[in-house]
Amino acid sequence: MAITNNESELIEAAKKNPQHFRALYEKYFKDVYLFIYRRLDDEHDAADFAQQVFLKAMQHLKYYEDRGLPFGAWLIRIASNEVNQYFRDRKKERTVSMELTDLNEILDENDSHLIQERREAALKAIKKLNAEELELIEMRFFEKRSFAEVAEIKGMTENNAKVKVHRILERLRKQFLIEAKAA
Amino acid sequence: MKKIKFKFHQKPLNETQINSFKNFDSLMTAFVAAPKPSLQYRLTHNRFFIYTTGIMSGIILTTIATFLIFNTENNQVSQFQNAINLPNISEVSVVNSNSVSSFSDSNSEFKSSGTEKKLQKENSSLEKKSGLESESDMDSFKKNPEKKKTNGLSKSFSKENLIGKQKEEISTVGNEIASEKSESNFEHTNQFNPQPTITESLILDDYPAVIISQDSIATNCTWTPSESITQDFLNKEQNKQMEESIGQLEDTSKKKLSEVTSQVENKVVEISKNITDESKDSYQWMRTKLNGVFANRFHDKRQSGNDTITLQNHAAQVSFLYPVGSNGIFSGKYSNVFSFNILSGYNGGVNGFELGGLVNIVRKNMNGLQIGGLTNVVFGNANGLQLGGLVNHARSMNGAQIGGLVNTSLGSVKGTQIGGLVNYALDSINGAQIGGIANVSTTSHSINGIQIGGIANLSLGKMNGSQISGIVNVANKVNGFQISLINIGEKVSGMQIGLINIADTMKGVPIGLISISRNGLFKVDLFSNDFSYINTSVRLGSNAFYNIFSIGVSPNTQFGNRYSFGYGIGSHISLSKKFFTNIEVASWSVHYNKFAEWNGINMINQLRLLPGWQIAEGIGLYAGPSFNVEVIDDSFNSASKAHVFKEHGGGTTGVNGWIGWTIGLQFF
């Protein structure tokens, strides 16, 4: 997601003439769209939302300055804020998309197939996470983003992202054991 | 975040599907049609505007404050009078008589609250009861005014047949008595009130004392006839008759006077009680009048955190010793840009600079710089810098507190506390605490920063940063460094550097002679090496860093029994679930025959690499090479003959080096 000289030029050009934003739009639409789609679980809603995100980006483009935050991460950050705000305001059901193997990785389980009871316990444990924690886990394990990428999107250092994810995992695993026992 | 739907195997979207949602033209249309960012948004994102506005606001506020301070000083006296509605002294007298003294320091509320009518009614009642309403009774008093004075009834008994001269005498005596009572307000004892007590005394802090005493009440409750009745006594013919009858009635009047004295005394006590109740009403009235000035101030002192009073801005104030200052007793209502207190000052707030010779006390917030010779106390939040010779205190601190002895914050600290002795914070700390003796944080919230204490640092919360002290560091959770003689932490994820390190759960690195951790590393070894065949050691610390304490023996060597004591440090690296390696540095003291023979140098230093295999849970086998460097006096024999190098500087000590081996079992 590193910013290139070419991209910098595109951004500067788009600041002067919004028509030049097209190249950026073409480049990052997929990333933004999929980020939203995974959370809304609706293709059309996700498309509308993505348009909103890009509209917001265009409106605020003049305030964007290259201070080390890649443009793609900036867009995802906007999308993340918008999605979170959406769920907060509407109190709608949020979707967490994942593969079963992702759960194994999180819980450090060796069995390739979690039995139903343990899977339920795992999901219950995930539900206990707050919004920010869930998003970190989601980005890191379900979307397979690198720590550097997560850090850029969330506006923290890579080390900080690692530490936070590590702590969340620890807590998640503990909670998982509790839930598994209760089940 | 309770409404979560988990979805496994989400339908993958291909490029074509995603691209079908792309529509830059509609985005452009929306962009063009969308309202532009509001003026407010643009202004608040414009630096030039923000800076200019800030500067202009400062100038305007300063101007307004300057105007207010001078304007307020001029009107201060009138404000004070308005606040308490001080009455005209002449209006206060209870009965309109020459002999009646006034409530010199009281207020007109007594008059209007029905006290006057009550007293007149009581007087009238007493007149009837005393039996002195007859002309003859009154004449008897005319003859002997001194007795009347003695009995405290000098202002009474003027009903009929009193001649003008006698009336003047009575009035004169009455005035004298009133004068005496007024001068000795608390000490004077009279017949009406043999044991005068202060029935209600309202002495408000920093306020002219308003005192209502029973004694003064007694003075004002004097039984006094009305002026109209007195006029009737001016009839000369009646005066002559009265003179004749005075002598006859003298004895009778004495007795009756005695009775009257007793009755009046009882009545006065009763009236005083009633007036006490009324004076309580008056107290409430005064509190109402003084609302927001001093009545609330007592409350404010206790609950400064809930102090909701709105402060008025002043450009500057100067005070000598509160309340002697330009803001006077009202200084707690003003926030000053510049505040200068020669000895001590009490102000509502500071938005700029405050300098005090001894003590600065701020009722609400301090923004800026506060310098006190001894103490700075801010009951609100302090934003900026507090410099105190001894103590600085604030409810919360954003900035720096530098105190000769102690800095305290009842809330969070964002910045630095530097205290000669102790720094104390009740809530989270983001910054540094530097104390000559100790730094204390008693919150469960985290400390992000550093604590440097001459003797001790204590953090009951999470320590994200460093604790450095001379004797002991104590923290609940440590994500950072603890450097001291003794370090104690519950959960340590960082590093402990000290002689003794103690942790409940050690996930970091304890570097010290003794590192104890309940949930950390504890291993017991049984091993052998090339110079000491039977050894045991204990490893304490964490995987990342542990201490090794060893003892060994090699019986029946060529030179006798060889005993070895070793201390080392090392690190345990897990290569997989089954394999590991230890990298260690150790130093041994070697002794022959005598277990505690410490004369001369015989030391072997080792660097060893010990790869191992975890045979089962709790048992590991390891073996590996070591590089040994022996420092030995000539009087001892080397532990090895396979030297790869041998140095001798020409003195009595040589240095030998060789490659050795170590093999052992590791338990737990």
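Me: What average pLDDT does chain A have?
Reply: Chain A averages a pLDDT of 84. In this chain, 93% of the residues score at least 70.

Me: Where in chain A is confidence lowest, and where is it highest?
Reply: The lowest is in α5(A), with a mean of 77. The highest is in α2(A), at 91.

Me: What should I do where pLDDT is low?
Reply: Predicted coordinates should not be read in detail there.

Me: OK, on to the inside. Which residues touch the most other members of the largest nonpolar core?
Reply: V32(A), I36(A), A50(A) and L75(A) do. That core has 49 residues. Its largest share, eleven residues, comes from helix α2 of chain A, residues 21-40. At least three residues come from each of domain 1 (5-90) and domain 2 (100-182) of chain A.

Me: What does V32(A) touch?
Reply: Leaving out residues up to four places away in sequence, V32(A) touches A50(A), V53(A), L75(A), I76(A) and A79(A).

Me: And the second core, how many residues has it?
Reply: It has 35 residues and is separate. Among them are Y322(B), A438(B), I447(B) and A503(B).

Me: Back to chain A. Which residues of α7(A) are buried?
Reply: L134(A), E135(A), L136(A), I137(A), E138(A), M139(A) and R140(A) are buried. Their cover includes α4, β1, α5, α6, α8 and α9 of chain A. Just after α7(A), K144(A) takes a positive phi of about 60 degrees.

Me: How many residues of chain A are in contact with chain B?
Reply: 32 residues of chain A are in contact with 23 residues of chain B. On the chain A side, α2, α3, β1, α6 and α7 each supply at least two residues.

Me: What classes of residue are on that side?
Reply: There are 17 nonpolar, five polar and ten charged residues on the side of chain A that touches chain B.

Me: Do strands pair parallel or antiparallel between β1(A) and β1 of chain B?
Reply: They pair in the parallel sense, over five bridges. The chain B strand covers residues 4-8. R94(A) stands opposite I4(B) in β1(B).

Me: Now chain B. How many helices and strands does it have?
Reply: Chain B has 13 helices and 33 strands. It has 668 residues, and 39% of them count as buried.

Me: Which way do β28 and β29 of chain B run?
Reply: They run antiparallel, joined by 13 bridges. A hairpin through four residues joins β28(B) to β29(B). Y567(B) has S587(B) in β29(B) as its bridge partner.

Me: What about β29(B) and β30 of chain B?
Reply: Those two pair in the antiparallel sense over eleven bridges. V585(B) has L607(B) in β30(B) as its bridge partner.

Me: Last one. A616(B) is in strand β30 of chain B. Is A616(B) buried or exposed?
Reply: A616(B) counts as exposed because it has 6 C-beta neighbours inside 10 Å. The cut-off for exposed is 12 or fewer.

Me: How far is A616(B) from K578(B)?
Reply: Their C-alpha atoms are separated by 8.5 Å. Along the chain, A616(B) and K578(B) are 38 residues apart.

Technical notes:
Residues are numbered from 1 along each chain as its sequence is written. Chains are lettered from A and ligands numbered from 1 in the order in which they are written. This is a predicted model: local features need pLDDT of at least 70, side-chain atom pairs count only at pLDDT 80 or more; totals for chains, interfaces and linings use all residues. Two strands pair if DSSP finds at least two bridges between them. A nonpolar core is a set of buried Ala, Val, Leu, Ile, Met, Phe, Trp, Tyr and Cys residues joined through C-beta atoms within 7 Å. A residue is buried if 20 or more other C-beta atoms lie within 10 Å of its own, exposed if 12 or fewer, and partly exposed in between; C-beta atoms are placed from the backbone. Domain bounds come from an automatic or database domain assignment. Two residues are in contact if their C-beta atoms, placed from the backbone, lie within 7 Å. Ala, Val, Leu, Ile, Met, Phe, Trp, Tyr, Cys and Pro count as nonpolar, Asp, Glu, Lys and Arg as charged, and the others, Gly among them, as polar. pLDDT is the predictor's confidence in each residue, from 0 to 100.
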